[in-house]
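Q: I have this one open in the viewer and would like to go through how it packs. Can we take it piece by piece?

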Amino acid sequence: MPVLQVPAFVDQYGQRLQAHTIEAKHSLAEFQRDADRFFDGDIEKLISHYQQNPDAVINAGGESIHTIYLRYQHLDSALKQFNQTAYSGFRQVAFEPLADIRSEAWHNFTHTIMLDSRAMTIGLMLGLLLAMLCELLLVGAGKCCVSVYRGVFKPNATIEG
């Protein structure tokens, strides 16, 4: 992926993360209503109640609710971390992305060029770093050429004649 596409990829990753978080919250909503009604809003007590039920079907339902609840907590935590600062999304995508969200964003990525302040800042920083790297390489190559030239074409200290 060209560097120019990185801000767009991070944006699409964030949109998918937000969509999955909302979906998980909707999946949990009915159970949260039951927890509000019977357990003072504590969904963990509702899950525990289901899991302690001797009926195998209800017990399995408790495991399903627990899985949805854990998924929602994980997604919500990642979304909050993603939205902490203007650049925390870039850090999350680079160093600790959610593998399933990253994979989904990658497989469904649509190439766009973003022109928001974050994208322009990152572009300017990368351009500056690339220019500095090229300058260092050229200066280093120039110094090597000068020393090779001086080694090959040494001026004679004495003139015979």
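Q: Which residues in helix 4 are buried?
A: This is a predicted model, and in it helix 4, which covers residues 88-95, has Ser-88, Gly-89, Phe-90, Gln-92 and Val-93 buried.

Q: And what covers those buried residues of helix 4?
A: The cover includes helix 1 (6-38), helix 3 and helix 6 (117-152).

Q: Let's take helix 3 from that list; at what angle do helix 3 and helix 4 pack?
A: They pack at an angle of about 125°, and their axes are 7 Å apart. That makes helix 3 oblique to helix 4.

Q: Which residues meet there, between helix 3 and helix 4?
A: From helix 3 the residues are Ala-78, Gln-81 and Phe-82, and they meet Ser-88, Gly-89, Gln-92 and Val-93 of helix 4. Sorted by class, the contact of helix 3 with helix 4 has three nonpolar and four polar residues, with no charged ones.

Q: Staying with Ser-88, what does it touch once residues up to four places away in sequence are left out?
A: With those left out, Ser-88 touches Gln-81, Phe-82 and Asn-83. Ser-88 lies in helix 4 and counts as buried because its relative accessibility is 1%, under the 20% limit.

Q: OK, now the other helix pair, helix 2 and helix 3: how do their axes cross?
A: The axes of helix 2 (residues 43-52) and helix 3 (residues 56-82) come within 6 Å and cross at roughly 150°. The two helices are therefore roughly antiparallel, since an angle over 145 degrees is put in that class.

Q: Is that crossing of helix 2 and helix 3 left-handed or right-handed?
A: The crossing of helix 2 and helix 3 is left-handed.

Q: Which residues of helix 2 and helix 3 meet?
A: On the helix 2 side they are Ile-43, Glu-44, Ile-47, Tyr-50, Gln-51 and Gln-52, and on the helix 3 side they are Ile-58, Asn-59, Gly-61, Gly-62, Glu-63, Ile-65, His-66, Tyr-69 and Gln-73. By class, this contact of helix 2 with helix 3 is made up of six nonpolar, seven polar and two charged residues.

Q: What about Phe-9, and how far is its C-alpha atom from that of Thr-110?
A: The C-alpha atoms of Phe-9 and Thr-110 are separated by 8.2 Å, although the two residues are 101 residues apart along the chain. Phe-9 has its place in helix 1 and is buried, with a relative accessible area of 7%.

Q: Then the loop between helix 1 and helix 2: what is the phi of Asp-40, which sits there?
A: Phi of Asp-40 is near 50°, which is a positive value in a residue other than glycine. Asp-40 is found in the loop between helix 1 and helix 2, and at 78% relative accessibility Asp-40 counts as exposed.

Q: Last topic, then: how many disulfides does a search of the whole structure find?
A: That search finds zero disulfides. For Cys-134, the nearest cysteine sulfur is that of Cys-145, and it is 16 Å away; Cys-134 is partly exposed, with a relative accessible area of 38%.

Terms used. Residues are numbered from 1 along each chain as its sequence is written. This is a predicted model: local features need pLDDT of at least 70, side-chain atom pairs count only at pLDDT 80 or more; totals for chains, interfaces and linings use all residues. Side-chain values use heavy atoms; hydrogens and water are left out. Axes are lines fitted to C-alpha atoms, for helices over the stretch in contact, and angles run from 0 to 180 degrees between N-to-C directions. Helices (H or I, at least four residues) and strands (E, at least two) are DSSP runs, numbered from the N terminus. Angles under 35 degrees count as roughly parallel, over 145 as roughly antiparallel, 65 to 115 as roughly perpendicular and the rest as oblique. A crossing is left-handed if the near helix is turned anticlockwise from the far one by less than a right angle, and right-handed if clockwise. Contact means heavy atoms within 4.5 Å. Ala, Val, Leu, Ile, Met, Phe, Trp, Tyr, Cys and Pro count as nonpolar, Asp, Glu, Lys and Arg as charged, and the others, Gly among them, as polar. Buried means under 20% relative accessible area, exposed over 50%, partly exposed in between (1.4 Å probe, protein chains only). A disulfide is a pair of cysteine sulfur atoms within 2.5 Å.
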